[in-house]
Amino acid sequence: MLLGVLPAIMDAQTAGMPAGRPPAAQTVLPGANAKTPASTAEEKSEKHVSGSARRRAAKAYMEASKLFLAGKFEEARLGFERAAELDPTNVDFAQAAAVARNHEVTALLQTAAKDRILGNEAGARAALLRAYDLNPHNFEVLEHLDQLGAGVARAQDRPFYSDVEQMLGGPVELEYATGLHNFDIRDSERQVIQQVFRAYGLEAMIDQSVGVENVRFDLGDATFNEAMRALGMATNTFYVPLDAHRVLVARDTFENRQRFTRLSLETVYLPGLTADEMTEVANLARDAFGAQQEAPDPSCGRLTIRAPQLDLDAFNSTMRQLLDGSSQVMLDMRILQVAHTYGSNTGVSPPQTITAFNVYAEEQSLLSANQSLVQQIISSGLAAPGDTLAILGILLASGEVSSPLLSQGFALFGGGLTESGLSPGATTANFALTSTETRELDDVTLRLGDGQDGTMKIGSRYPIETSSYSSLSPSVPSIPGLNGAGSSSSLTSLLSQLTETVPPVPQVQYQDIGLTLKVHPRIMRNGSVALSMDFKLDSLAGSSINGLPVLNSRTYTGVVMLKEGSAAVIAGEVDKSESQALTGTPGLSDLPGMNNVTGKDLQQNFATLLIIITPHVVRGTQAAGHSAMFRVVGTHPVP
């Protein structure tokens, strides 16, 4: 069987059609490495390939195809490249190698993602570097390398000053008991506070500002943080940790918070900021986050802040987002314009005029107007003096005399002096068709930050004259001998040249003609993208007022909410017109069936615009999800 199949395979390879080619080799994906066997094929395309080399190439191709179908893309790529080197005249070998390379890159990306999930950063790094060597221009490879670099930067050891707060004494952390607790207490505020804290293994020291009013505290399946939040709302108090097992509880007032809240001192390093930017950051810490003290030092790029620990954490989180950058959205916009023009001119146009004339009067008019020619014809013996028809025939045949009535067909009726003729107009039969269709596709990609405005314009800039001026004043000063007393003719000609009208210099303003699309993306917490779109289409109306063109303008403004990867379609009928003209005989063209026989000129035009927008979040810095919600029952004092 092998001996019978092998010659068929060899014949197929000789004809340039490899047998058993895998389906993936039928298409070459873009973005392949520039250094491929295709370049070698171009260099060796003119060289002769021996029969043995073709057979070895076919064998290598068949083995590589089996490896490709088995999912061994690297071995398959090497086999395809070997086949392309042996037989560079067969372009299918190089295409199959490019397809195998792209599949190998995809497999390496999947391996790197799996290694990162399992915590194997070294394996992920090696897989991504291998994929980069195979295809350094692949967009997905570059994105994965950026993410890997950011993870490596976050995993670096902190500077020595980051652990100073632990050495000098950082914020107190409570060691409370974990788990869920249920509460159904009706007692004084002090007793309720102590019982709730004891449930989590903490001792509460209550300030004198806390009253003794009775309250009802009813809460089920609550964690420590949920219980503390509900307790503060029910009793209007707050707590301050004293050590790992004791807290101080006081009435929630501005004075008590200023008195009991612990302040932390932190130095924030902000390199690269100018003195003005450092001052703005210090004002942000004081005004927005309530910092008690702030001391910026632009020369060293550091800011010292004294504030409660919660406020410092919020400030650090805000600054981290500002320094890391906002989210970014990539908008893929495809604009399709279709214009169609259809015109037809069919039917028969009957004569619109009929001319009636007297034959005798027309003959006498021609003879009277050409007496000299008539005398020459008679004197030469070409016609007898009374043979009027012969004389007229000779005159018309010679080309010296012409008559619009006698140059075309006519019908005679009557006799003698009253013999008359009817000459109808021209009859035209039309059978013409004109159809034109134009399609234009624009593929535009915009990369914008979260909340950043983007504008796309497609069209041209049309000049419109707004005003004009002349550089020479129409009034010429009085010059003796020039425009006054004087007799020199040369001065007079010079005066006429100076007083001639000077061409005006126009003032031009350029107007955008075409499509203008403004987008404003906003990334939501759930990953969706809200697009605010402002669409405007300007065109010339074809008419003018006082020499200035009239512009047609169509606008659309709206907001659309899209999931990442979903597309929004904006479609509209831009222009549509139809005109129809009939040419026929009044009354006859109105009869049923005759309007299709008479001349009909039909013109139809329409243009359609289709815009497809697809957002992709290429950088997201917002945390998804929402904070937990709960309801507090019984916050009113018990009478």
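Leaving aside neighbours within four places in sequence, Gly514 is in contact (heavy atoms within 4.5 Å) with Ile458, Gly459, Lys536, Leu537 and Asp538. The model is predicted: local features need pLDDT of at least 70, side-chain atom pairs count only at pLDDT 80 or more, and totals for chains, interfaces and linings use all residues. Residues are numbered from 1 along each chain as its sequence is written, and side-chain values use heavy atoms, leaving out hydrogens and water.

- Gly514 lies in strand E15 (residues 505-523); strands (E, at least two residues) and helices (H or I, at least four) are DSSP runs, numbered from the N terminus.
- Gly514 has 16% relative accessibility and therefore counts as buried, a term for under 20% relative accessible area with a 1.4 Å probe, protein chains only.
- The C-alpha atoms of Gly514 and Ile458 are separated by 5.8 Å, although these residues are 56 residues apart along the chain.

**Helix H6**
- Ala124, Ala127, Leu128, Ala131 and Leu134 of H6 are buried.
- These residues cover an arc of only 120° around the axis, so they are on the same side of H6; the arc is that of the directions from the helix axis to the C-beta atoms.

**Helices H9 and H10**
- Helix H9 (residues 189-199) packs with helix H10 (residues 224-235) at an angle of about 180°, their axes being 11 Å apart.
- H9 is therefore roughly antiparallel to H10, a term for angles over 145 degrees.
- H9 contributes Glu189, Val192, Ile193, Val196 and Phe197 to the contact, and H10 contributes Ala227, Met228, Leu231 and Thr235.

Terms used:
Buried < 20%, exposed > 50% of the residue type's maximum accessible area, 1.4 Å probe, protein only. Axes fitted to C-alpha atoms, helices over the stretch in contact; angles between N-to-C directions. Parallel < 35°, antiparallel > 145°, perpendicular 65-115°, else oblique.
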